[in-house]
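This report looks at strand pairing and at contacts made by aromatic rings. The sequence and the model come before the details.

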Amino acid sequence: MKPLEELTRPNIWSLAPYSSARNEYAGREARVFLDANENPYNTPYNRYPDPLQLQLKEAIARVKEVSVANIFLGNGSDEAIDLPYRCFCRPGIDNVVAIEPTYGMYKVCADINDVEYRPVLLDDDFQITADRLLAACDDHTKLIWICSPNNPTGNCLSHQEIVRTISNFSGIVIVDEAYSDFSNQPTLRSELQKYPNLIVLNTLSKAWGCAAIRLGMAFASEEIIGLFNKVKYPYNVNLLTQQQALEALKDPFLVDKWVRMLNLERSRMIDAFRLLPFCQKVYPTEANFFLAKMDDAQKTYDYLVDRGIIVRNRTRVQLCLNCLRITIGTKNENNELIAALRQMQS
């Protein structure tokens, strides 16, 4: 890995971050708050939230087994996806490499930040090698994006090839593990001390059932987290989100139960899809969704929409021609989908 100062945009490295009123007295007791031009009425919503979300990070650290110093919290994972561009990539000069197909926000953020995006196509098994990813890099490549389990394919990429990529790249490798709770593959967040150029993303939107509160997580070295905290907006995670996240984190065993139920439903749904005469293939998955290749994805999608059932049509995504992405719902929702498709075949 190159020195972090060399990887970081010069203006970001020298940036003097905005110093919020709450930052300035951090670590000391306070009773009277006359510093932030807040309304003294309507407690607790009149006060700005903790800009570094320390109480919430302590709860996450216990569940995820990661040090508080290695945690960044953002307004959804989208903020954690955007920040590496803003910290490391000079617009119009630097580039990033990513697997293809994958989650679309990596490219959207590249376009917003005027950074060249270099997709590297997965093979027919939706896998990649470190050699192919690294071959797409040059002296201006700052980031490599990997999503595992991948979206929209659902499969885990080779752990060995991910580690080879991290070990042999001089820039930053970002591994998005949004769906890791549904997978048996070990997560990489426990490897942060070994790989200072690694950023691991996670979220409360999937297994934790908290998509509405918009809380994303990034795990990285203390130095990278420090850069993120310099660049982020001062109060990026609101009080209501912090409170609801703390409430959700009190019961990780309930989440384990949800994951077991969803994985069982996933297996049942895959078996049902394989029996449909107009389903050509269901791809292996370790997420809370699966990708199914249909005879005519658009026709099937339109048929389901007419019946108030919404799935994701991925037929315009590379390697996903005539594919639908099916999220695992409740047993009743899943039964309604299968019943509708069985009526279609008749």
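Two strands are said to pair if DSSP finds at least two bridges between them. The model described here is predicted.

**Strands around S9**

Strands S8 (residues 279–282) and S9 run antiparallel and are joined by three bridges. One of the bridge partners in S9 is lysine 293, which faces lysine 281 in this pairing. Six residues lie between S8 and S9, and the two strands form a hairpin. S9 also pairs with strand S11 (residues 323–327), in the antiparallel sense and over five bridges. Here phenylalanine 289 has threonine 327 as its bridge partner in S11. S9 spans residues 289–294 and is mostly covered, with five of its six residues buried.

Phenylalanine 289 also takes part in a contact with a charge: the charged end of arginine 325 sits over its ring, 5.6 Å from the centre. Likewise, the charged end of arginine 86 sits over the ring of tyrosine 233, 5.6 Å from the ring centre.

**Aromatic pairs**

There are eight aromatic pairs in the structure. Two of them are listed below.

| Pair | Centre to centre | Angle between planes | Type |
|---|---|---|---|
| Phenylalanine 72 and phenylalanine 228 | 5.4 Å | 80° | edge-to-face |
| Tyrosine 103 and tyrosine 106 | 5.6 Å | 85° | edge-to-face |

Phenylalanine 72 belongs to strand S1 (residues 71–75) and phenylalanine 228 to helix H9 (residues 222–231), so their pair ties together parts 156 residues apart in sequence. Both phenylalanine 72 and phenylalanine 228 are buried.

Tyrosine 103 counts as partly exposed because its relative accessibility is 28%. Tyrosine 106, at 0% relative accessibility, counts as buried. One aromatic cluster is formed by Tyr85, Tyr103, Tyr106 and Trp145.

How values were computed:
Residues are numbered from 1 along each chain as its sequence is written. This is a predicted model: local features need pLDDT of at least 70, side-chain atom pairs count only at pLDDT 80 or more; totals for chains, interfaces and linings use all residues. Side-chain values use heavy atoms; hydrogens and water are left out. Buried means under 20% relative accessible area, exposed over 50%, partly exposed in between (1.4 Å probe, protein chains only). Helices (H or I, at least four residues) and strands (E, at least two) are DSSP runs, numbered from the N terminus. Rings of Phe, Tyr and Trp (its six-membered ring) pair if their centres lie within 6.5 Å; planes under 30 degrees apart count as stacked, over 60 as edge-to-face and the rest as tilted. A charge sits over a ring if NZ of Lys or CZ of Arg is within 6 Å of the ring centre and within 35 degrees of the ring normal.
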